[in-house]
Amino acid sequence: MLVWIALVVLTITTYVTGRMHLGTWALPIALIIAVTKSLLVILFFMHLWEQKGANRIVIATSFVFVALLLSLTLGDVATRFSLSTPAGAPFGTDVPAQIKEPSPEHLPPAGPIGQPPRGVPEPK
Amino acid sequence: MSEAAALPGERPEHGADVHLAHHFSSLERQVEASRLGMWLFLCTEVLLFAGLFVAYSVYRFSFPAAFAAASRSSEIWAGTVNTLVLISSSLTVALAIHFARTDRPRAAVVCLSITILFALAFLGIKAIEYTSHFHEGQLPGRFYRYEEVRLPGASMYWSLYFLMTGLHGLHVLIGMTVLSVILFRTAHGYYSSHYYVGIELAGLYWHLVDLIWIFLFPLLYLI
């Protein structure tokens, strides 16, 4: 069966990419692409190529949803308000990790008990 | 898998296949239905791991230096060998299905046994890795005490590492159990070129386990 040849090829590719760890930085993308392509080859060689469309739609749908989950979540994290980024993150670091209270002249005066705390805008 | 045909004590309907359940009009429809069901289940498994992958990418996005340093401190040789082991086990499972379809059950039994041995080898290498992680202090969350990587977020990497490889290892175990049952059945001549759905579905599950590891490997070891 051709599966044998294909899988040996894949194994060699995996081994090569395994040793390619010398190249840091932006090569992860190339690695991911190579590996996912190899995966899809496994899928096709074993199952989906010989089967009905229904199964292909099912697996394609699940990948679509995974892509949605990943893209929307990363989009959320990437565009986050800087105060909510974890300490040590490479973005949104104009605010120091230890949140310092703004100096008093920048705040509205403290209200009596029962009023919203300082710094919170009045509800409109 | 829809292999429950007639109830015990009943005889199958006149002319019906012994594997055919009464609510299907033909064996071919039953087989297609069981295949579709298996694919649906595999998609749910994909989504299960997708949740963890998204968690990994979010934290990787937030702590790139820590994740890069932490993944460099994991053993690449173990990951590479495990990848080769799993790919080979996928090959042997595919061969087993092929032999079952061509009415060579003994060759299928041999291939299935080799697959299970590969799975054991995978788990063994994983166990060695986990032991070394425990010794070095590369542990999740607040148990982290690895001296060489002290960046914030490194313990997050190890939490995700143990979660993802642990869940994957659990799936390997389940796959091994399923394959053992199938092995037992093949050895007793249950599958033939006429009816081989059981082996095929078990093979599908095993391919998925391999697939997930192939995704896990670069993310956890290579980047």
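Mentor: A nonpolar core is a set of buried Ala, Val, Leu, Ile, Met, Phe, Trp, Tyr and Cys residues joined through C-beta atoms within 7 Å. A residue is buried if 20 or more other C-beta atoms, placed from the backbone, lie within 10 Å of its own, exposed if 12 or fewer, and partly exposed in between. The model is predicted: local features need pLDDT of at least 70, side-chain atom pairs count only at pLDDT 80 or more, and totals for chains, interfaces and linings use all residues. Residues are numbered from 1 along each chain as its sequence is written, while chains are lettered from A and ligands numbered from 1 in the order in which they are written.

Trainee: Which residues of the largest nonpolar core touch the most other members?

Mentor: This core has 66 residues. H1, H2, helix H3 (76-101), helix H4 (105-136), H5 and H6 of chain B each give two or more residues to it, and H6(B) gives the most, with 19 residues. Helices here are DSSP runs (H or I, at least four residues) and strands are runs of E of at least two, numbered from the N terminus. The members that touch the most others are Ala96(B), Ala100(B), Leu112(B), Tyr157(B), Leu179(B) and Ile199(B).

Trainee: How many helices and strands does chain B have?

Mentor: From the N terminus on, the elements of chain B run α-α-α-α-α-α. The count is therefore read from DSSP runs, and chain B comes to 6 helices and 0 strands.

Trainee: What share of chain A is buried?

Mentor: Chain A has 3 helices and 0 strands, in the pattern α-α-α. Of the 124 residues in chain A, the buried share is 10%.

Trainee: What share of chain B is buried?

Mentor: The C-alpha atoms of chain B fill a box of roughly 75 × 30 × 25 Å along the principal axes. Of its 223 residues, the buried share is 43%.

Trainee: Where in chain B is confidence highest?

Mentor: Confidence is given as pLDDT, the predictor's score for each residue from 0 to 100. Chain B has a mean pLDDT of 84, with 92% of its residues at 70 or more. Its lowest element is H2(B), at a mean of 83, and the highest, at 92, is H5(B).

Trainee: Where in chain A is confidence highest?

Mentor: Chain A averages a pLDDT of 66, and 31% of the residues score at least 70. Confidence is lowest in helix H2 (residues 27-46) of chain A, at a mean of 65. The highest mean, 85, belongs to helix H3 (residues 53-78) of chain A.

Trainee: Why do the buried residues of helix H2 of chain B lie on the same side?

Mentor: The buried residues of H2(B), which spans residues 64-72, are Ala66(B), Phe67(B), Ala70(B) and Ser71(B). An α-helix has 3.6 residues a turn, so residues three or four places apart point the same way. The arc is taken from the directions from the helix axis to the C-beta atoms. The four share a side of H2(B) because they cover an arc of only 120°.

Trainee: Which residues does Tyr157(B) touch?

Mentor: Two residues are in contact if their C-beta atoms, placed from the backbone, lie within 7 Å. The cover over the buried residues of H2(B) includes helix H1 (27-62), helix H5 (154-187) and helix H6 (197-222) of chain B. Not counting residues up to four places away in sequence, Tyr157(B) touches Ala66(B), Phe67(B), Ala70(B) and Ser71(B).

Trainee: Is Leu211(B) buried or exposed?

Mentor: Leu211(B) is found in helix H6 of chain B. There are 22 other C-beta atoms within 10 Å, so Leu211(B) is buried.

Trainee: Is Glu147(B) buried or exposed?

Mentor: Glu147(B) lies in the loop between H4 and H5 of chain B. With 7 other C-beta atoms within 10 Å, Glu147(B) is exposed.
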